[in-house]
Amino acid sequence: MSKLCINLPPFAPDYSGAASALFDLGGIIVIHDASGCTGNYTGFDEPRWFGADSKVFCSGIRYMDAILGLDDSFIEKIKKAAKSLNPNFIAVLGSPVPMVIGTDFEGIAKELETITGIPAIGIPTTGLNYYGKGICDATIKLMDKFIKDEEFIKEPNSINILGTTPLDFYINENDKDFKELFVKNGINVLSTYYMGLTIDDMKKSVSASLNVVVSQSGIGPAEYMKERFSIPYVVVTPLCDGSLAVKKVKKALLGKFEEYVPSTENANTIILGEQIISNSIREYLNKELGYGNIVVGTLFDFSKSQMAEGDIVIKNEFELRKILNSGKYEKVIADPMAKQIIKDKNVKFYGFPHVALSSKVHWNETKRLMNDEMKDFLISLKEG
Amino acid sequence: MKKIAIYGKGGIGKSTTTSNIAAALSNLGYKVMQIGCDPKSDSVKNLMGGAKIPTVLDKLRENSDDVKIDDIVFEGYGGVLCVEAGGPTPGLGCAGRGIITAFEKLEELNAYEIYKPDVVLYDVLGDVVCGGFAMPIRQGYADNVFIVTSGEMMSLYAASNIAQAVKNFGTRNYAKYSGVILNSRNVENEIEVVQKALDEIGGKIVNVIPRDGLVQQAENEGKTVVEAFPGSEMAENYISLAENIMKICTGGE
């Protein structure tokens, strides 16, 4: 029961991450579930769902489908939908019930592809992992499916932005701000994974000289692209005027990769949130505002390579409660829903919404990261 | 790397046959990994001197976050790499899902890349009863499926079901059914009976393994016949079987 959430809502799971990654690509996305998981994704984890025409479906798996392993009826339903919708691809995603009965998503995808002639991918999401893994798995499946091994001509001074989904950045133009920043600074942006991405963009993206990872969900795809297409990557989320990110990216384009090692000793401030955004906030506070000794804690997927000594992986609400009430931290930057966990009224709390955590309760308050308001927010944290 | 799944009715002698194939292949110079896919976890004991090894699920039960590759892969006779998938608490849980979890763990730990076996043998419980027990014949796992059977009706019935399950996956380009191993039970006209069944099921008899007391004697010592009685006619039978299997799997026959 240590994973019981008393104050926090359920965290965005892997199928939401995978569906979010695929959302703009013009495919049929089918979540194999009884409807609760699809409802969770469309109702709580996907701000673009309201008013969009993306083709997200639920298989509506029932008791006997699970017991009898009725893959055929599942395939038949998708076949009918594909016939009338003519999608760019078909993606079948898992949820807890198919996980328990061992549904063979890759096999189902292969059958669908044979029957319909439409490219199909199977992603065995389980609902037991976090959204970052779903985004990463979906990216790798897509690249395996759509990018063939051939010689690619590298385009100098060009980048891809990896890791933008509404689960981390909402739909308040953060993705566009990132792109505009780099273009304004003379850097060619070939693609933004995933907001606004097309299959053609994805194919072009393998010519990039560098990948810029703006959230943890981009690390796995960046590693994959490094191995398969020899594209190096740099990890940074642009903030405020974006100058730190531009500097880092320009250096990396010249082959210079610098490691930033923050001091976390005697930290009295903790940033709780998405790992890379949190790291970037820490770096900005350190370098631009001279405010240091900050630890980063994350409840979601994390990359060991991006952790500073003293950073914390928080496994559940129980651990979060202990950390926030340990008396160590005078200032806390976190999703507004974490505020109710803090008992000490003297702790200064700075709300920084994370869609993957608080969903529609706070997503309208999600910060636009590259504007003066964000800068003011960080200054207020330093001075508060 | 050749990946081969051995299926067959419970009690027909799959583990005995598979272990002897593994021992014979190792004598022929192959690096072999044998993975027991049965909650009873007794597939590799004759390669391990009669000792039971900790299973993948045992280790996951102890500490799911910190299982290392050498906690679950053990070297047995002739350097055969032995793994038991294991199962849930008897009477509880889900054995099929257990097999999937064990396979996922082996992959996560890069078992195949680390040990680089020439041949992987999956010794699979009784019948393809659910998605979990079909795991060895799914994409990325076995390339060829052999079924151990005798001339007894129930054994042939199971063989037919297994062959059908493999064929059901035909549209997914998975493992192919590559024939039966006749493990004799001294049924009258046994070869003819099995041959007649194969006329309906499809496939050929790869080898006939005669019934021989040496098998039991070797098992009493916790060994395979290949190890306990090298040079015996029975050991030669298993070596011939191993050679034929490799011929089929490499397209030589």
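Two strands are taken to pair if DSSP finds at least two bridges between them, and strands (E, at least two residues) and helices (H or I, at least four) are DSSP runs numbered from the N terminus. In chain A of this predicted model, five strands form an open sheet with parallel pairing, in the order 11-10-9-12-13. Strand 11 (312–313) and strand 13 (348–351) of chain A each have a single partner strand and stand at the edges, so one side of each is left without a neighbour in the sheet. Strand 12 (residues 331–334) of chain A runs parallel to strand 13 of chain A and is joined to it by four bridges; V332(A) stands opposite F349(A) in strand 13.

Residues are numbered from 1 along each chain as its sequence is written, and chains are lettered from A and ligands numbered from 1 in the order in which they are written. Local features need pLDDT of at least 70 and side-chain atom pairs count only at pLDDT 80 or more, whereas totals for chains, interfaces and linings use all residues.

Chain A is divided into domain 1 (14–137), domain 2 (158–253) and domain 3 (269–383), with bounds from an automatic or database domain assignment. The contact between domains 2 and 3 of chain A takes 22 residues from domain 2 and 23 residues from domain 3, where contact requires C-beta atoms, placed from the backbone, within 7 Å. Helix 8 (166–169) and helix 9 (174–184) of chain A are the elements that give two or more residues to the domain 2 side. The C-alpha centres of these two domains lie 23 Å apart.

Between the chains, the contact takes 14 residues from chain B and 11 residues from chain A.

Conventions:
Two residues are in contact if their C-beta atoms, placed from the backbone, lie within 7 Å.
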